[in-house]
Amino acid sequence: MVDDGIRLHGCRDGQAPASPVGKALATGDAKVHLLSDFYLYFAWKKGQEGKSLEELKQIVAKKVERDFHDKIFFEDVREACRPAYETLTMWVNTTSGK
């Protein structure tokens with residue numbers, strides 16, 4: 001069970017945990033990302049690699065979508081995270097003004 005959660009909590013490439021523990025781990029990970037300053041730090045780290053603002057927005061948008069749609073296995077948690085998801089989605093879909 002623990003291996004399932006640790007190995008698959010990222011829900012990449014169509015793979016997802018099947019165990020209740022794995023689903024809880026993936027959901028908790030996504031919730032922390034959505035309800036904290038995680039994406040700000042994530043974008044900063046990617047920016048250190050020389051990514052442009054538009055590239056950063058695309059990378060963050062992809063991660064936000066995966067966190068909200070693929071990693072949350074409980075609808076009550078998804079609804080609790082929806083306002084943050086909508087705010088983040090608005091941010092990554094704005095233009096830089098250039």
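The legends below describe close-up views of a predicted model.

**View 1. The buried face of helix H3.** In helix H3, which spans residues 38-47, the residues Tyr39, Phe42 and Ala43 are buried. Seen down the axis of H3, these buried residues fall within an arc of 95°, so they line one face of the helix. The elements that cover the buried residues of H3 include helix H2 (20-35), helix H4 (53-70) and helix H5 (75-92).

**View 2. An aromatic cluster formed by Phe38, Tyr39 and Phe42.** A search of the whole structure finds four aromatic pairs. One of them is the edge-to-face pair of Phe38 and Tyr39, with 5.2 Å centre to centre and 80° between the planes. Phe38 also pairs with Phe42, here in a stacked arrangement with 5.6 Å centre to centre and 25° between the planes. Because Phe38 and Phe42 are four residues apart in helix H3, about one helical turn separates them.

**View 3. Lys57 over the face of Trp91.** In this view, Lys57 lies over the face of the tryptophan, at 5.9 Å from the ring centre of Trp91.

**View 4. Arg78 over the ring of Phe68.** Here the charged end of Arg78 sits over the phenylalanine ring, 5.7 Å from the centre of the Phe68 ring.

Note on methods
Residues numbered from 1 in each chain as written. Predicted model: local features only at pLDDT ≥ 70, side-chain atom pairs only at ≥ 80, totals over all residues. Heavy atoms only, no water. Buried < 20%, exposed > 50% of the residue type's maximum accessible area, 1.4 Å probe, protein only. Helix = DSSP H or I, 4+ residues; strand = E, 2+ residues; numbered from the N terminus. Arc of directions from axis to C-beta. Contact = heavy atoms within 4.5 Å. Phe/Tyr/Trp six-rings, centres within 6.5 Å; stacked < 30°, edge-to-face > 60°. Lys NZ or Arg CZ within 6 Å of the ring centre and 35° of its normal.
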